[in-house]
Amino acid sequence: MRNIFKQLHIWLSIPLGVVMAITCFSGAMLIFEKEITPHLQSEYYYVDGVKSEPLPMEELRANVEQTLNKGEKINRVETLDDEERSYIFHLNKKRAKVYVDQYSGEVLGRPERHPFFATMFKLHRWLMDAPQSKGEMTAGKMIVGISTLAMVIVLLSGIVLWLPKSVAMLKNRLKIVFTKGWRRFWYDLHVSAGFYAVILLLIMALTGLVWSFEWYRDGFYAIFGEGAREWLRSLHTGAIGGMFTRILWFIAALIGAALPLTGYYLWIKRKFCKHSNKA
């Protein structure tokens with residue numbers, strides 16, 4: 001039985017490991033997008049100067065409404081504790097926001113997603129093969145979905161393969177050794193770091209499949225209810241527990257990106273290097 005899990009682990013990882021690594025890495029890059037973007041697009045997120053009092057909300061709303069396209073409406077206004085941060089007017093279209101200097105009344109604009117994060121998002125969801133319409137299945141979206149399904153199996157089989165046969169082996173599989181050469185280091189990184197991150201990676205994969213397959217999404221909401229939409233994204237990104245869990249998710253996603261690469265290294269060393277040594 002153990003050999004079956006080993007074969008599953010290897011032969012799913014070899015063709016799909018690169019996609020798994022890309023998906024995990026790009027997902028890690030998106031976790032702190034909200035904190036990083038204001039520094040990359042400061043002309044929208046920060047006011048020119050702080051005055052004693054902001055202008056009346058009715059005046060600011062009127063300024064924004066003059067810039068809206070047909071069919072656009074203001075849904076809500078977001079004000080932050082930081083007095084240097086501009087007001088954010090959220091519109092009725094997804095991700096549409098207008099930034100306003102609340103002291104001068106100037107409409108600062110509606111920035112597009114920063115190119116770096118836009119690229120990471122497209123990689124994460126569709127391998128850059130974005131659908132033209134909502135719900136459309138593209139080749140990239142299918143590959144990401146299949147790879148995520150495979151990742152669930154790889155992670156579960158990895159747990160089985162990790163299970164130690166003795167206490168001494170358990171101690172070895174819970175630590176990363178830096179002093180016994182590169183092969184031992186990559187092995188420990190694959191086995192030990194993978195063990196510590198496996199639960200979070202399973203959560204990310206199982207929730208992420210909702211965005212890949214309609215049948216999975218329908219089944220997910222049938223089990224957990226439509227209200228699950230509210231916490232699903234928070235669970236997928238680690239936001240469910242605030243900054244602490246987001247940091248944990250970030251580290252786990254980076255480990256997830258490293259696991260296929262360390263796996264390739266160990267597989268190549270075992271499969272090919274020993275033969276070259278014999279020759």
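**Exercise 1. Which residues have the most contacts inside the largest nonpolar core, and how many residues does this core have?**

Before you start, keep in mind that you're looking at a predicted model.

Step 1: Find the core itself, which has 29 residues. Step 2: Pick out the residues with the most contacts inside it: M20, M151, L155, L201 and M204. Step 3: Look at where the core's residues come from. At least two each are supplied by α1, α5 (115-126), α6, α8 and α11. The top giver is α8, with eight residues. Step 4: Look for another core lying apart from this one. You'll find one of 10 residues, including L60, Y87, L91 and V100.

**Exercise 2. Work out what M204 touches, skipping residues up to four places away in sequence.**

Step 1: Go back to M204, one of the residues with the most contacts inside the largest nonpolar core. Step 2: List its partners: H236, W249, A252 and A253.

**Exercise 3. Describe the second largest pocket.**

Step 1: Start with the space in it, about 830 Å³. Step 2: Check the lining, where 31 residues take part and H9, G158, L161, H190 and V191 come closest to the pocket's centre. Step 3: Name the elements that give two or more residues to this lining: α1 (2-30), α6 (139-162), α8 (182-208) and α11 (243-278). Step 4: Sort the lining by class, and you get 18 nonpolar, eight polar and five charged residues.

**Exercise 4. Decide how the rings of F224 and W231 are arranged.**

Step 1: Recall that a pair of aromatic rings is described by the distance of the centres and the angle of the planes. Step 2: Take the distance: the centres of the F224 and W231 rings are 5.9 Å apart. Step 3: Take the angle. The planes sit at 90°, and the cut-off for edge-to-face is over 60 degrees, so this pair is edge-to-face. Step 4: Zoom out. Ring pairs join F224 and W231 with F213, W215, Y216, F220 and Y221 in a cluster, and the model's count comes to 20 aromatic pairs.

**Exercise 5. Is R110 buried or partly exposed?**

Step 1: Locate R110 in the loop between β4 (107-109) and α5. Step 2: Read its relative accessible area, 32%. Buried would need under 20% and exposed over 50%, so R110 is partly exposed. Step 3: See what surrounds it. Leaving aside neighbours within four places in sequence, R110 is in contact with Y44, T67, L68, N69, E72, L91, K97 and V98. Step 4: Compare chain and space: R95 is 15 residues from R110 along the chain, and their C-alpha atoms are separated by 9.9 Å.

How values were computed
Residues are numbered from 1 along each chain as its sequence is written. This is a predicted model: local features need pLDDT of at least 70, side-chain atom pairs count only at pLDDT 80 or more; totals for chains, interfaces and linings use all residues. Side-chain values use heavy atoms; hydrogens and water are left out. On a 1 Å grid over the protein atoms alone, a cavity is a set of points where a 1.4 Å probe fits but cannot get out, and a pocket is an open set with protein on both sides within 12 Å along at least five of seven lines; lining residues have an atom within 4 Å of a point. Grid points are joined across faces, edges and corners, and a volume is the space filled by probe spheres set on the points. Helices (H or I, at least four residues) and strands (E, at least two) are DSSP runs, numbered from the N terminus. Ala, Val, Leu, Ile, Met, Phe, Trp, Tyr, Cys and Pro count as nonpolar, Asp, Glu, Lys and Arg as charged, and the others, Gly among them, as polar. A nonpolar core is a set of buried Ala, Val, Leu, Ile, Met, Phe, Trp, Tyr and Cys residues joined through side-chain atoms within 4.5 Å. Buried means under 20% relative accessible area, exposed over 50%, partly exposed in between (1.4 Å probe, protein chains only). Contact means heavy atoms within 4.5 Å. Rings of Phe, Tyr and Trp (its six-membered ring) pair if their centres lie within 6.5 Å; planes under 30 degrees apart count as stacked, over 60 as edge-to-face and the rest as tilted.
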